[in-house]
Amino acid sequence: MKTCANCGHTMNDQDVFCSNCGAMSLDNTDSPADASAATPQPTAAPTPEVTPTAPKGGGKGIGKVAILAAVAVVVLVVAVFGITGALKGGDDSFAGVQREFLLDSGVTYLEQFVDQYNAMTNLSTDITMTVETGVPEYDLYLDGTALRMGLETQRDAFALDATLQLLGSDVLHGVVALDDGMLTLAMPEITDDRYVLDLKQIIYENTGIEVTELALPELSKDTMTALLKSYFEVIIATATEENVTVEKDQDIELPYLGETVKGTRYVFRPTAKDVENMLLRLADALEQDEDLREFVLSLAGSNLALVEQALNVEDLDATLQQSLDEAAASLRESAAEIGQQFADGGFTWTVGYADGRVCYQGLGLADDPMDTYVYESAGKEANGRRDAVYINDVYSEDGPSVLLEAEYTKDGGAYSGTMTMQEWGETILSMEYQDVNPEKRSPLGTAYGNYSFTVQDYGTVMTVEMTVKKSAGGGTDLVMTFTGDDFYSSTGFNGLTLRFHSTDKEATIQMPEGNEVDISSMTDEELTELSMLIQSSLMESLSAVLGNMALAN
């Protein structure tokens, strides 16, 4: 038995992570990282094999740019969502500030993602879609026309019941359902038969694998959070009092936003040995991390044999362990060289902290006149906050090569603001939103509020206006209107409005009666012939309906 160095909890000898606090405990006492063993050292995604190129002369070098890019990914992705806030617990060290900015809020978004995924795999609602073009000649036929759908999803089952309504009359009805590996298709207006396809049988005949269950994987928030925290701690433990400079009561410049705030500036300059030891700790973590391997295996779930065949591996567990071992070996082999590249490049990570939150994150190299990857934030949500994320990889009069800028306010739980994305000074995507409330969502997962998206591409423009709101009769209305040059050139319409009404009630699924025809063993020729017959019958039915509509008008 051993004791967790972070919380004192008793652990089994083979445990890598503490079941009480999630911290990592490594047994390898020969690693140069031993000095950090008392720090909780959780886990991150496996690091790919790195074959660095030694820097040449005084230029950046491919290796240096890659280093900056790798570190910047997490910073910029988190910053895109404006993730900052007051520190919890008063830890105002560099590591504490980064835990709040990158980890705590990152965990929140990860948990929200898992909740959304789980909601989409347990969904039941009726949806009605109608269309308007704004052209009287077309809308005459679209009046009273709708597509009504009952949608039900589970991890191991799916059903879609769709009815096409023209001029107030139901003309076509079809149901497709998957349950226990059996796929069923029924279209009563086309055929009296119900076609069934045994997917388990098809899989066995083509692969020799006996499948007991076809299901989407379950995602565990606890496991994903523990892994994220673990690897974050492995990395953040590199920041110490020796390599972090703390400058309090400083003017922190936000060059793009054009503001200066008073706060604390942290400058993280790891030595070659610091980086080397961090990579060695990471190698130990990857090699010993059973939780990471088990989590990846859990994504395959009951379909493990199918995944193994698709990946052309005999034993996914063994292959994962081999891959992690190889990644660990590669990290150990190149740790010293990568560490030297950090040192030779003069890598710096600058953080500005003011008014209880991070206002600046910048990654740069000593020989660069400005930070390469930058996040800036000014103002408060209640009065108007501005965030900017940009890349200065090539210096240009047009400004950053890539820029994502946001300005918004928060009133209660609702957000209103704008967001734009630019390349080389040209706006390619912009969004305006009003009263968007992430806590209020439609059955399909879309947050209530008003949105406007504009896409620009080679001089053409397309705009999508979207409103998501509670329907007067219950349920949710989602309305999307498409306009612009791009849309007109591809459709000929000046605009198109799609309306989706989803209910708060369980879906209405009605499987039609009919003779059950098993098509699992049909040949390709027989399936092609059946497909052509269905298509022909469908076209005949639609032609007859449209002909009657024309006579009626």
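Buried means under 20% relative accessible area, exposed means over 50%, and partly exposed covers what lies in between. Keep that handy for these exercises, and remember that this is a predicted model.

**Exercise 1. Find out how strand β8 is paired with β7 and with β22.**

Step 1: Look at β7 (residues 182-186) and β8 (residues 193-198). They pair in the antiparallel sense, over five bridges.

Step 2: Check one position. Across from Met-182 you'll see Asp-198 of β8.

Step 3: Look at the connection. Six residues sit between β7 and β8, and the two strands form a hairpin.

Step 4: Switch to β22 (residues 515-518). β8 and β22 run parallel and are joined by four bridges.

**Exercise 2. Compare the length of helix α5 with its expected span, then say what its buried residues pack against.**

Step 1: Count and span. Helix α5 (residues 221-236) has 16 residues, and from first C-alpha to last it reaches 22 Å.

Step 2: Compare. At 1.5 Å a residue you'd expect 22 Å, and the helix comes close to that.

Step 3: Pick out the buried residues. Among them are Met-224, Leu-227, Tyr-231, Phe-232 and Ile-236.

Step 4: Find the neighbours. The buried residues of α5 pack against α2 (94-120), α6 (272-288) and α7 (290-300).

**Exercise 3. Describe the surroundings of Tyr-266.**

Step 1: Locate the residue. Tyr-266 is in strand β10 (residues 259-268).

Step 2: Classify it. A relative accessible area of 3% means that Tyr-266 is buried.

Step 3: List contacts, leaving out residues up to four places away in sequence. Tyr-266 touches several residues, including Phe-94, Val-97, Val-244, Trp-349 and Tyr-353.

Step 4: Take one partner further. Tyr-266 and Trp-349 are 83 residues apart along the chain, and their C-alpha atoms are separated by 8.0 Å.

**Exercise 4. Name the type of the aromatic pairs Phe-94 with Trp-349 and Tyr-256 with Tyr-390.**

Step 1: Know what to look for. A pair of aromatic rings is described by the distance of the centres and the angle of the planes.

Step 2: See how many there are. A search of the whole structure finds eight aromatic pairs.

Step 3: Take Phe-94 and Trp-349. Their ring centres are 6.0 Å apart and the planes stand at 90°, so this pair is edge-to-face.

Step 4: Trace the pair along the chain. Phe-94 lies in helix α2 and Trp-349 in strand β11 (residues 348-354), so the pair ties together parts that are 255 residues apart in sequence. Both Phe-94 and Trp-349 are buried.

Step 5: Take Tyr-256 and Tyr-390. Here the centres are 5.8 Å apart and the planes are at 45°, so the pair is tilted. Tyr-256 is in the loop between β9 (244-254) and β10, Tyr-390 is in strand β14 (residues 384-391), and they're 134 residues apart.

Step 6: Look for a group. Phe-94, Tyr-266, Phe-268 and Trp-349 form one aromatic cluster.

Definitions and conventions:
Residues numbered from 1 in each chain as written. Predicted model: local features only at pLDDT ≥ 70, side-chain atom pairs only at ≥ 80, totals over all residues. Heavy atoms only, no water. Pairing = 2+ DSSP bridges. Buried < 20%, exposed > 50% of the residue type's maximum accessible area, 1.4 Å probe, protein only. Contact = heavy atoms within 4.5 Å. Expected span 1.5 Å × (residues − 1). Phe/Tyr/Trp six-rings, centres within 6.5 Å; stacked < 30°, edge-to-face > 60°.
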